[in-house]
Amino acid sequence: LFSAVEMAPRDPILGLNEQFAADTNPNKVNLGVGVYFDENGKLPLLQCVQAAEKALMDSPKPRGYLPIDGIAAYDNAVKKLVFGAESDVYKAGRIATVQGLGGTGGLKIGADFLRHLNPNAKVLISDPSWENHRALFTQAGFKVETYRYYNAGTRSLDFDGMLADLKAAAPGTVVVLHACCHNPTGYDITPAQWDQVIEVVKAGQLTPFLDMAYQGFANGIAEDGAVVGKFVATGMDFLVSTSFSKSFSLYGERVGALSVVCASKEEAAKVLSQLKIMIRTNYSNPPTHGGAVVALVLEDDKLRAQWEQELGAMRTRIKAMRQKLVEGLKAAGVKQDMGFITTQIGMFSYSGLSKDQMVRLRNEFGVYGTDSGRMCVAALNDKNIDYVCASIAKVM
Ligand code: LMR
């Protein structure tokens with residue numbers, strides 16, 4: 001039965017974790033996956049999460065099945081966070097939100113739903129994009145193409161190219177847009193450019209699918225989520241996948257959501273009923289713990305404030321490490337101006353290094369980034385940065 005099955009390549013991101021774990025180099029540094037590590041190189045367990053977990057443990061609950069769409073209080077908290085409790089769409093009940101298994105889970109529920117709705121639609125992702133976008137939408141049955149986004153030659157956005165490609169897309173095309181902290185490039189379009197993109201998307205009757213996995217890592221929760229409000233203001237129907245993996249440092253809990261903005265409350269109820277079929281036939285219903293923690297933090301004023309403060313500290317530390325990386329590379333002898341690292345935003349730096357250089361970094365120095373040249377700045381600290389800079393300098 002399985003004799004014709006071929007060995008698949010490693011996952012371009014998570015596959016690096018496997019390789020890293022097996023690496024015996026004592027100096028190894030994992031800048032591959034998008035995970036924040038603190039100044040001591042430790043994966044943080046946020047204070048707000050610990051407080052919520054303590055509260056949950058103080059009155060332990062049995063673990064029955066959750067509803068297919070997840071914890072009601074969680075879904076509601078996600079709506080308020082992403083769209084605002086005062087927004088018309090929220091108040092009018094026009095949003096269908098389901099708890100998902102991380103941001104990836106939210107994307108997949110949305111992809112499966114859209115594929116049933118419009119099987120002939122194409123999907124456009126940015127060039128480059130998070131590697132899993134292409135794989136995920138392809139697995140859902142879509143033909144996936146790209147819109148221009150980044151010009152490697154000039155190390156800047158190709159905004160004209162982006163607009164032109166979106167303008168050329170057929171009505172109904174699903175356009176995957178990074179709401180903030182573009183992965184992998186770290187270059188976001190400006191609010192004024194978003195207005196232009198939204199105009200084109202609306203005029204072309206495209207279907208926007210926002211991926212918001214890094215809310216809070218650019219400038220703050222409200223600032224980074226502002227693009228959602230821009231889409232709401234147009235009256236368009238759209239989808240948003242959100243994740244708490246990074247912002248709550250709850251990677252392994254797989255806490256995320258999919259929200260679908262609909263034209264009316266009645267439509268939202270119908271959409272929700274269809275999303276539930278996608279979930280039921282995939283994994284039935286989500287797990288209990290992560291969603292309960294996040295709901296508790298978001299709904300409690302004190303814990304919510306603590307979360308925003310802790311998230312802010314992560315954001316600030318990443319920015320400081322960007323600066324240190326630029327200085328460190330210069331000190332290590334890199335002649336090229338690496339100042340672009342501080343204009344990039346979010347967890348990643350798109351270094352411009354070639355695949356060969358990234359492979360050398362991995363094999364000779366135990367410094368792991370993706371083949372595309374992406375490095376996770378959020379995993380740098382004062383103890384590993386000199387080694388990382390020296391290693392990069394040697395391959396450049
Ligand atoms: C990443 O891009 O490294 C993260 O989003 C983790 C993942 O699932 O790929």
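In this predicted model, the protein is divided into domain 1, residues 14-45 plus 303-395, and domain 2, residues 65-299. The C-alpha centres of domain 1 and domain 2 lie 27 Å apart. Contact between the two involves 24 residues of domain 1 and 22 residues of domain 2. On the domain 1 side, helix 12 (301-331) and strand 11 (348-350) each supply at least two of the touching residues. Helix 12 gives the most, with 6 residues. The side of domain 1 that touches domain 2 comprises 13 nonpolar, 7 polar and 4 charged residues.

Helix 12 also packs against helix 2, which spans residues 47-58. The axes of helix 2 and helix 12 come within 8 Å and cross at roughly 150°. An angle over 145 degrees counts as roughly antiparallel, and helix 2 and helix 12 are therefore roughly antiparallel to each other. From helix 2, the contact draws on Gln-47, Cys-48, Ala-51 and Ala-52. These meet Leu-303, Gln-306, Trp-307 and Glu-310 of helix 12. By class, the residues of this contact are 5 nonpolar, 2 polar and 1 charged.

Two further helix pairs were examined. Helix 5 (residues 102-117) and helix 10 (residues 265-280) have axes 9 Å apart and pack at an angle of about 115°. That makes helix 5 roughly perpendicular to helix 10. The crossing of helix 5 with helix 10 is right-handed. Ile-109, Asp-112 and Phe-113 represent helix 5 in the contact. Their partners in helix 10 are Gln-274, Leu-275, Met-278 and Ile-279. The contact of helix 5 with helix 10 holds 5 nonpolar residues, 1 polar and 1 charged.

Helix 7 (residues 159-167) and helix 8 (residues 191-203) pack at an angle of about 15°, and their axes are 9 Å apart. Angles under 35 degrees count as roughly parallel, so helix 7 and helix 8 are roughly parallel to each other. Helix 7 and helix 8 make a right-handed crossing. Helix 7 contributes Phe-159, Leu-163, Leu-166 and Lys-167 to the contact. Helix 8 contributes Gln-193, Gln-196, Val-197, Val-200 and Val-201. The residues of this contact divide into 6 nonpolar, 2 polar and 1 charged.

The loop between strand 7 (174-178) and helix 8 contains Pro-184. A cis peptide bond joins Asn-183 to Pro-184, with omega about 25°. Cys-181 is found in the loop between strand 7 and helix 8 as well. Its phi is near 55°, a positive value in a residue other than glycine. Most residues other than glycine have a negative phi, and most peptide bonds are trans. Another cis peptide bond joins Asp-127 and Pro-128, with omega about 5°. Pro-128 lies in the loop between strand 3 (122-127) and helix 6 (131-139).

Asn-183 of the cis bond to Pro-184 also belongs to the shell around the ligand. Also surrounding the ligand are Ile-13, Val-33, Gly-34, Thr-104, Trp-130, Asn-132 and Ala-213. The shell divides into 4 nonpolar and 4 polar residues, with no charged residue.

Technical notes
Residues numbered from 1 in each chain as written. Predicted model: local features only at pLDDT ≥ 70, side-chain atom pairs only at ≥ 80, totals over all residues. Axes fitted to C-alpha atoms, helices over the stretch in contact; angles between N-to-C directions. Helix = DSSP H or I, 4+ residues; strand = E, 2+ residues; numbered from the N terminus. Parallel < 35°, antiparallel > 145°, perpendicular 65-115°, else oblique. Left-handed = near helix turned anticlockwise from the far one by under 90°. Contact = placed C-beta atoms within 7 Å. Nonpolar A, V, L, I, M, F, W, Y, C, P; charged D, E, K, R; others polar. Near = placed C-beta within 6 Å. Domains from an automatic or database assignment.
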